[in-house]
Number of protein chains: 2
Amino acid sequence: MRSINIRDVAKHCRISVSTVSRVLNDRPDVNPETRKRVLDAIAELDYIPNNSARNLVMTASDRIAVVVRGVANPFFAQMIRVIEEEIHRAGYTVDLHQIASDADEVHTAAELATEKRLCGVLFLGGRFNYTAEEMRVLSVPFVCASYTNTFGNLPQGAFSSVAIDDSAEACRAVEYLISLGHRRIAAIVASESDRSISELRYLGYRRALEKHGIPYEPALVVESGSFSQRSAANGTNRLLDRCADFTAVFTIADMMALAVMKVLHERGVRVPEDCSVIGIDGLDCSAYSIPTLTTVVQPAEDMARESAAILIDLVRGHGENRHKVFEAHIREGGSVRRL
Amino acid sequence: MRSINIRDVAKHCRISVSTVSRVLNDRPDVNPETRKRVLDAIAELDYIPNNSARNLVMTASDRIAVVVRGVANPFFAQMIRVIEEEIHRAGYTVDLHQIASDADEVHTAAELATEKRLCGVLFLGGRFNYTAEEMRVLSVPFVCASYTNTFGNLPQGAFSSVAIDDSAEACRAVEYLISLGHRRIAAIVASESDRSISELRYLGYRRALEKHGIPYEPALVVESGSFSQRSAANGTNRLLDRCADFTAVFTIADMMALAVMKVLHERGVRVPEDCSVIGIDGLDCSAYSIPTLTTVVQPAEDMARESAAILIDLVRGHGENRHKVFEAHIREGGSVRRL
């Protein structure tokens, strides 16, 4: 007769293997009744947990992957710290993977889930156009942190997300410039049509102009091709070379805005006297630029905490998928002036 | 009779369990003769690898922890990307842990090594004063990346390191200022005596003054207490409040130097006209500050690649512990002027 294993205990109790494992490992996140049932079953079945099986199951049940898209994004760096703290505090381990901005996070996560038997995935940055079909490869709960599935057909009930309303917050930034008298507002975006954060923020720019009856001028918009400082600097040079007339630049990210200010300065355009600049993110370091960057601040720590909390609930089988939209706010610096 | 397990196969071949595991998992990093011996032994012993055992051993043998000390350090962010790439490329998995600057990386690593049966640890940032006694808790090979054990009694043969010579490079920065005619040079350091990177860079500052016969003035040195931009900004305010007379500020890190420039600017001290500023690190983003920061550039990518290469060699049992010191170089910006 083969020996009793942890799966037999789980089947006997009609609970998951990972719950049995949590009891064996003396974890706090098991309700007392379940714990008693498991311990009774162990006695009844004469099951002897061995270290190998225990470790095996621990590996299977306690590991959450954090897949970070866009390698050196300081906004994500601010979130990662809090996400790790929260996940560790809940008794799970973190497997962190950074992938390039052009890599596919779903593919990465699906591979990890198979190879390492994850219990959940937290995506820090990702595409906004998941389809129901492609997400079938991922059989564990997941949370989209800092973005949501605006363009895809994946049903809301099939995933969780924590984000700001990127389009509305970009609109807020541009309307702030408009409220100070600016009407000729340039925009440096990574892409107008990447089906992702850049497109959404670009659409917010368009919406603000439209709301205030300001005609859209293609000559005032530059697609830099990426979120890097180098590409934002190149984009600013192209904008200036067009000799277009503008009094402000809206940029879709703080790091890009710092590079925009640098190029304007180098080319003799004073910020904010000759040109105002506004960013989005609210990075700590953009408070130390000269001049201090005016920016739309995302509540990074709250978003990180909420992302981890939702995922842990899902992993534990508490609650349904949910979607949380945080509100951002403008941090006034010295890079924007009233006309 | 108990069944044959992977350990029996390893014992039979007089090789490690992890090598047998690599053969079972069809990894490329096994020499062909060893592979043949393992396959012969499997046939001879009638060993049937089962998935659970295989997974169990995989987990035990292929996991490298990267322990990052100092949570949002962008210098480490630049290194992490390359380290992860190199480790993955070699067929190992990465378990990344970020710990606070005041946390103990050895304790964290020892816990991880026990809980997760790591095959190696890469410390990204850490203390410079390991003792042979305390490091006994860590039974896997480890590499100190971006620092080395200057102050401890741990024998050189017991660990590996990849670093710049922090004291010599700080001396280089200050001598650069001296070569441009500066003699009254202030210093913003985290600590003069933290037995770590700040102390080493502070000692380099002292050495440069001494080499050039410039008297040391305590009033020109501020201990900010940490590497944060906020603490560097506070330290700069204290320095200015002393009404000390200086023509340049040496700062031990780029992010701190950006905060120093910010406070000088806010208090009406022009950089570089009234005061020069130099940093150490060579971050990408400090090329976009206004003015561009003059800094001592650490070769982050080369250091990252070498750290991963050394650790992978050690994990595979090739080669001994080794110590690599990289040379830095000055990147001239606009924050330093000739007197």
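In this predicted model, strand E3 of chain A, residues 120-124, is mostly covered, since five of its five residues are buried, where buried means under 20% relative accessible area, exposed over 50% and partly exposed in between, with a 1.4 Å probe and protein chains only. Strands (E, at least two residues) and helices (H or I, at least four) are DSSP runs numbered from the N terminus. In a regular strand the side chains alternate between the two faces of the sheet. On one side of E3(A) lie A:Gly120, A:Leu122 and A:Leu124, on the other A:Val121 and A:Phe123, and all of these are buried.

What does E3(A) pair with? Strand E1 of chain A, residues 63-69, runs parallel to E3(A) and is joined to it by five bridges, two strands being paired if DSSP finds at least two bridges between them; here A:Val66 has A:Leu122 as its bridge partner. Strand E4 of chain A, residues 142-145, also pairs with E3(A) in the parallel sense, over four bridges, and A:Leu124 has A:Ala145 as its partner in E4(A).

In chain B, strand E5, residues 160-164, is likewise mostly covered, with five of its five residues buried. B:Ser160, B:Val162 and B:Ile164 are on one side, B:Ser161 and B:Ala163 on the other, and both faces are covered. Three bridges connect E5(B) to the parallel strand E4 of chain B, residues 142-145, and B:Cys144 stands opposite B:Ser161. Four bridges pair E5(B) in the parallel sense with strand E11 of chain B, residues 323-326, where B:Ala163 stands opposite B:Val325.

The two chains also meet each other. Their contact takes 35 residues from chain A and 35 residues from chain B, contact meaning heavy atoms within 4.5 Å. Between them they bury about 2900 Å², 57% of it on carbon and sulfur atoms; buried area is the accessible area (1.4 Å probe) that two parts lose on being put together, summed over both. Helices H4 (51-61), H5 (74-89), H10 (229-241) and H11 (254-266) and strand E2 (93-99) of chain A each supply at least two residues to the side of chain A that touches chain B. Zero salt bridges are counted between chain A and chain B, a salt bridge being a side-chain nitrogen of Lys or Arg within 4 Å of a carboxyl oxygen of Asp or Glu.

Over all chains, however, the structure holds 43 salt bridges. One of them joins the side chains of A:Arg81 and A:Glu85 at 3.6 Å, N to O; these two residues are separated by about one helical turn because they are four residues apart in helix H5 of chain A. A:Arg81 counts as partly exposed because its relative accessibility is 27%, and A:Glu85 counts as partly exposed at 43% relative accessibility. A:Arg81 and A:Glu85 belong to a network of salt bridges that also links A:Glu86, A:Arg89, A:Glu301, A:Asp302 and A:Arg305. In chain B, B:Arg81 forms a salt bridge with B:Glu85, with the closest N and O atoms 3.6 Å apart.

As for the basis of these values, residues are numbered from 1 along each chain as its sequence is written, while chains are lettered from A and ligands numbered from 1 in the order in which they are written. Local features need pLDDT of at least 70 and side-chain atom pairs count only at pLDDT 80 or more, whereas totals for chains, interfaces and linings use all residues, and side-chain values use heavy atoms, with hydrogens and water left out.
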